[in-house]
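Hi everyone, thanks for coming. Please have a look at the sequence and the structure with me, and then we'll walk through a few spots together.

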Amino acid sequence: MKSEPDEVSIDHLAAEPNIPFPWFGVRNYQARNFMRDAMRVGDLAFFYHSGCAEPGIAGVCRIASAPYPDATQFDAVNPYFDPKSKADSPRWLLRDVIFVQKTRYLPLTELRACPELANMRLLARGNRLSITPVTAEEWAFINRRLVEN
């Protein structure tokens, strides 16, 4: 799950470790569908900082809710407002996440250098999705890298 650290960072979640945080602002249908259809309450996710000098994995969060409508789509002064979305048929959903742990920072350059992650969707050329699935093998490999150093 990608977020720009200026908007929401792993430190935001860590500051309130027992408070569910709404993962708002997903405005891509494919990312929304991953969040809606593939995630389950209790699943773990990497918290990835993007849109910063050195993008990378900063921690782990847990999915804490079923999908529900993202209220920002209805707020005309919010940057995530969508005038085509209607309350009776919302386009955009979110899930709550909860802090699990902050990890050593695992930068994108280090992830790209691992042949074991060559097929990881996050690393695909042109990938702009804020939410992408991670295979069990990728999850295990990255977790080993996080504890190595």
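Strands E3 (residues 44-49) and E4 pair in the antiparallel sense, over six bridges. A quick note on words: strands are DSSP runs of at least two residues, numbered from the N terminus, and two of them pair if DSSP finds at least two bridges between them. This is a predicted model, where local features need pLDDT of at least 70, side-chain atom pairs count only at pLDDT 80 or more, and totals for chains, interfaces and linings use all residues. Residues are numbered from 1 along each chain as its sequence is written, and side-chain values use heavy atoms, leaving out hydrogens and water.

Back to our pair: Ala45 has Cys61 in E4 as its bridge partner. Between E3 and E4, which form a hairpin, there are six residues, and Gly51 in the turn has a positive phi of about 60°.

E4 itself spans residues 56-63, and seven of its eight residues are buried, meaning under 20% relative accessible area with a 1.4 Å probe, protein chains only.

Last stop: Asp82, in the loop between strand E5 (68-69) and strand E6 (93-94). Is Asp82 buried or exposed? Asp82 has a relative accessible area of 12%, so it counts as buried. Its side chain reaches the backbone nitrogen of Lys84 at 2.9 Å. Leaving aside neighbours within four places in sequence, Asp82 is in contact (heavy atoms within 4.5 Å) with Gln73, Arg91 and Trp92.

Note on methods:
Buried means under 20% relative accessible area, exposed over 50%, partly exposed in between (1.4 Å probe, protein chains only). Helices (H or I, at least four residues) and strands (E, at least two) are DSSP runs, numbered from the N terminus. A polar contact is a pair of N or O atoms within 3.5 Å; within protein, one must be able to donate a hydrogen and the other to accept it, and residues adjacent in sequence count only if both atoms are side-chain atoms.
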